[in-house]
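Open the structure in your viewer and keep the selection tool at hand. Each stop below tells you what to pick and what to look for.

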There are 2 protein chains.
Amino acid sequence: MFELYQLEQLLIVADCGTLSGAAEQLHLSQSALSRSMQRLENEIQVPLFIRHKNKIELNENGKLAVEYARKILDQTGDMVNSIRDYDRKRRTIFVGSCAPAPLWNLIPALSDLYPDMTISSEIRDSEVLLQGLQDGTYQTILLPFSVEEKGIFCVKYKEEHLLFSLPPAHPLSGSSGLYLKDLNGESMLLRPQLGFWEHIINEKMPNTHFIVQKDTDFDELVKASALPTFNSDLVIQREGKVPNRITIPILDEEVNVTYYCCYASKVKSIMTPLLAQ
Amino acid sequence: MFELYQLEQLLIVADCGTLSGAAEQLHLSQSALSRSMQRLENEIQVPLFIRHKNKIELNENGKLAVEYARKILDQTGDMVNSIRDYDRKRRTIFVGSCAPAPLWNLIPALSDLYPDMTISSEIRDSEVLLQGLQDGTYQTILLPFSVEEKGIFCVKYKEEHLLFSLPPAHPLSGSSGLYLKDLNGESMLLRPQLGFWEHIINEKMPNTHFIVQKDTDFDELVKASALPTFNSDLVIQREGKVPNRITIPILDEEVNVTYYCCYASKVKSIMTPLLAQ
DNA sequence: ATGCCTTACGTTATACGTAATTATT
DNA sequence: AATAATTACGTATAACGTAAGGCAT
């Protein structure tokens, strides 16, 4: 039987038109290539080249062989790519969340529990997450509500309570509680990638000018500016209190959420040890 | 890059379920096979097996790999078969004839002229031959009539005159010429593979009982029997006269034919040197 | 005179076999 | 004890490079 390397060589020879040129491209001596092509012909038991004394060219058989060789090599490439892809997917836990905060604990926990797995996470709208859970895009998703559907397990995971973060000089900084609408119309600093929060505040604070600042610079900017911003108990838990800022609970029902961790029953074995913590 | 032999090995391993069994089938030591599969995994950079201490089994990647391997090896098989077929066809001159006689000279002449080519001949009806000439099935055909069509060359090749071959005792053996209908109703010996002759005599001698005898035994039978049969000038030219038989020309116009050698213009270079003879 | 292919000969790299090791049934 | 897989080590084979030769442009 001939081998794949010979088919690769054949393609290069077909491209170059000469053995010497192809040999150079292949980092091979021309004599080695000459013999390799002779072996290929012997294996197929059919001449593939018209040999002149100092020239070689493909005959009709050879041209047909090149077509097949190209197909076969394409397919071996597909094979490698597909298997690698397949393997990577098998080694990856895909997590989707409606908001960033619940991921902060879940991702490290998953990494700890499954050190050989890659954890892939993304923030999407709840409908997208549910769809993705059902079609297998996600192994688990984090939603701000519970789901009752057969084949889906739904476990209460965490709560998050949104807060206003105001500079002491702000007129409302003395309040013990505020509604979103109370700050509607002001300018506010905002982190990107807020997930479902974005929908809520856009709806309830339609006249507010939101200045989105990338995560890395956000804290600096909050310290330096007098603009109100959001905070939450989970953020504070993670990053500590921001100095020189007053946090005031937001009283709207929608911003005091319970996150539910949802997963298909077939990955129950993956998730239960995690949620037992 | 991995090689085809490793894909073959993978298939056998998948079939057998064990390395040792597969190694035996492959006439290989199990250690060699074990390492070959390890190399395959390294090339794809993905594990294909679940390795227990004294057991090995395909994992999900491996099963996918087997599917691809099967496809690829099928395709290499196709490649070899197709190229061999293609080559064989390129090395074959396909000749079609309406009757056996004109082939007797043409085939040896072609063989002489093109000693590297295979000459493939068959006897078919004229319509089939013309169709085959146009679709490339035949490089040249022999017809009992001339054809006027663009792209087709038609050269007068040979004549053949059908004769009755009668035992001396036959009542008509003294005739200087006969029509087919004159013997209609009798029993006659016939060779097989008569081509277009068959149509003519069936039409003109509908009440005749034809006893078809295979070519090899035909002459023996003719000698031994008193049945009338056919002969022709070309047959006599080839085989000599049959002793103890009278040959009488047949006067019907249709059985005194001129064969035309017809070929596509693109194979003119093949045929002209032949017909120059 | 240079470029291109083939053949001959010695070398190297890679896959192989043997044998030892470990573990399972 | 028998079966099965891996690993270590020496070996063999197959592809390789170098070099020489022929031929054409």
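The tour goes from the whole assembly to single residues.

**Before you start**

This is a predicted model, in which local features need pLDDT of at least 70, side-chain atom pairs count only at pLDDT 80 or more, and totals for chains, interfaces and linings use all residues. Residues are numbered from 1 along each chain as its sequence is written, while chains are lettered from A and ligands numbered from 1 in the order in which they are written.

**Stop 1: the two protein copies**

Select chains A and B. Rotate chain B by 180 degrees, with 0.0 Å of shift along the axis, and it superposes on chain A with an RMSD of 0.1 Å. That is the relation of a two-fold axis.

Now show where the chains touch. Here, 24 residues of chain B are in contact with 24 residues of chain A. Contact means that the C-beta atoms of two residues, placed from the backbone, lie within 7 Å. On chain B, α1 and α4 each supply at least two residues of this side. The biggest giver is α4(B), with 17 residues. Such helices (H or I, at least four residues) and strands (E, at least two) are DSSP runs, numbered from the N terminus.

Colour that side of chain B by class: 13 residues are nonpolar, five polar and six charged. Nonpolar covers Ala, Val, Leu, Ile, Met, Phe, Trp, Tyr, Cys and Pro; charged covers Asp, Glu, Lys and Arg; the others, Gly among them, are polar. Of the interface residues of chain B, 100% are also interface residues in chain A, so the copies meet through the same surface.

**Stop 2: helix α1 of chain B**

Select α1(B). At 1.5 Å a residue, its 13 residues should span 18 Å, and its end C-alpha atoms are 19 Å apart, which agrees. The expected span is 1.5 Å times one less than the number of residues.

Which residues of α1(B) are buried? They are Leu4(B), Gln6(B), Leu7(B), Gln9(B), Leu10(B) and Val13(B). A residue is buried if 20 or more other C-beta atoms lie within 10 Å of its own, exposed if 12 or fewer, and partly exposed in between, with C-beta atoms placed from the backbone. The buried residues of α1(B) pack against α1 of chain A, and against α2, α3 and α4 of chain B. Just after the helix, find Gly17(B), which has a positive phi of about 85 degrees.

**Stop 3: the nonpolar core**

Show both chains again. The largest nonpolar core has 40 residues. A nonpolar core is a set of buried Ala, Val, Leu, Ile, Met, Phe, Trp, Tyr and Cys residues joined through C-beta atoms within 7 Å. Leu10(A), Leu40(A), Ala65(A), Leu10(B), Leu40(B) and Ala65(B) touch the most other members. In both chain A and chain B, α1, α2, α3 and α4 give two or more residues to this core.

Pick Ala65(A). Leaving out residues up to four places away in sequence, Ala65(A) touches Leu10(A), Leu48(A), Met79(B) and Ile83(B).

Next, pick Ile44(A), in helix α3 of chain A. Ile44(A) counts as buried, with 20 C-beta neighbours inside 10 Å. Beyond its neighbours within four places in sequence, Ile44(A) contacts Phe2(A), Val80(B), Ile83(B) and Arg84(B).

**Stop 4: the DNA strands**

Select DNA strand C. It is surrounded by 19 residues, and the closest are Leu19(A), Ser31(A), Ser34(A), Asn54(A) and Ala32(B). A residue is near a strand if its C-beta atom, placed from the backbone, lies within 6 Å of it. From chain A, α2, α3 and β2 each supply at least two residues of this surface, as does α3 of chain B. Its classes are four nonpolar, 10 polar and five charged.

Switch to DNA strand D. Among its 19 residues, Ser29(A), Ser31(A), Ala32(A), Ser31(B) and Ser34(B) come nearest. Here α3 of chain A and α2, α3 and β2 of chain B each supply at least two residues.

**Stop 5: a loop and a strand**

Go to His27(A), in the loop between α2 and α3 of chain A. Is His27(A) buried or exposed? His27(A) counts as exposed, with 6 C-beta neighbours inside 10 Å. Its phi is positive, about 55 degrees, although His27(A) is not a glycine.

Finish at Ser232(B), in strand β9 of chain B. Ser232(B) is buried, with 22 other C-beta atoms within 10 Å. Ser232(B) and Ala101(B) are 131 residues apart in sequence, yet their C-alpha atoms are 9.2 Å apart in space.

Methods:
Copies are superposed by least squares on the C-alpha atoms of residues with pLDDT of at least 70 in both.
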